[in-house]
Amino acid sequence: MKKLMKIVAVAAMMLAATNAFAQLEVGFGFASETYRQTDPDLNAKNWNSSFDAYGFYAGVAYGIQIVPNFKITPGLYYSMTSANKGYVVADGKKTEYNFKDDDAKTGPMVHHDLSLPILFSYSIPAGPVKITPFLGPNLLFNIETAYENKSAMFKEAYGTTSNSYYKIYGRDLSADGVKGTVKNNPDLSRFDVQGQVGLAIEIMDLFVVKGGYNFGFLDRNKDKDVILHSNSWFIGVAVTL
């Protein structure tokens, strides 16, 4: 019984010490994502397609100080970004196409993502501020990527939005006077493993200004003939509690 009480006491002291050097961080800011697709069979033509999506992020992180000035900070963030235009490059010629198309009655492509970064950082005190570079893995999961449908025909087939990247939809062609259905065939993965690197400026241990970049490591297109990588960058502010 005494040994058990000692273990409980030591565990309590360790937990109290950990909490004494831990900070909750609540932040938000600007987010941007870049998707770039290449096809090895078209390398001779220097072919690639890409688009940029812009929006915001918000979330929380929990900084745990291991030794003075060194922290491990897991976090959970939600981001929403949208893209109006994409680009295709072939033989040095760049062609623009629109996701938001008034004639086709579609809105922009909107992405909803969750990110789980686990960051390692070291703070360099400089008067009332700390300069804190950080890096670590970031796990990305796409909740939804969808177009807004404004066409009555597409709403009947797909609903208000169509998640053409990750779901298979069938559209009845009878409305066009044609027998049969047409289906999209998505081959993309919702999941990515990224590496995050960035810099934060902590002011009086209360406010944080930070920016960073995520490098996507995985090929998110399951089609063996096409390669798709996604990268992102962000800049924002946070308060520590």
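**Strands and cores**

Let me begin with Ser-49, which is found in strand E2, residues 48-67. Please bear in mind that this is a predicted model. Is Ser-49 buried or exposed? Ser-49 counts as buried, because its relative accessible area is 11%, and the cut-off for buried is under 20%. Leaving aside residues up to four places away in sequence, Ser-49 touches Tyr-35, Arg-36, Gln-37, Tyr-87 and Val-88.

I turn now to strand E13, residues 207-216. In a regular strand, side chains alternate between the two faces of the sheet. Along E13, Val-208, Lys-210, Gly-212, Asn-214 and Gly-216 point to one face and are buried.

Which strands pair with E13? Strand E12, residues 191-203, runs antiparallel to E13 and is joined to it by 10 bridges; here Val-197 has Tyr-213 as its bridge partner. E12 and E13 form a hairpin with 3 residues between them, and Met-204 in the turn has a positive phi of about 55°. Strand E14, residues 227-240, also pairs with E13 in the antiparallel sense, over 8 bridges. In that pairing, Val-209 is partnered with Val-237 of E14.

Finally, the cores. The largest nonpolar core has 10 residues, including Tyr-57, Leu-119, Val-208 and Ala-238. E2 and E14 each supply at least two residues of this core. A second, separate core of 9 residues includes Tyr-35, Ala-53, Ala-83 and Met-109.

How values were computed:
Residues are numbered from 1 along each chain as its sequence is written. This is a predicted model: local features need pLDDT of at least 70, side-chain atom pairs count only at pLDDT 80 or more; totals for chains, interfaces and linings use all residues. Side-chain values use heavy atoms; hydrogens and water are left out. Buried means under 20% relative accessible area, exposed over 50%, partly exposed in between (1.4 Å probe, protein chains only). Helices (H or I, at least four residues) and strands (E, at least two) are DSSP runs, numbered from the N terminus. Two strands pair if DSSP finds at least two bridges between them. Contact means heavy atoms within 4.5 Å. A nonpolar core is a set of buried Ala, Val, Leu, Ile, Met, Phe, Trp, Tyr and Cys residues joined through side-chain atoms within 4.5 Å.
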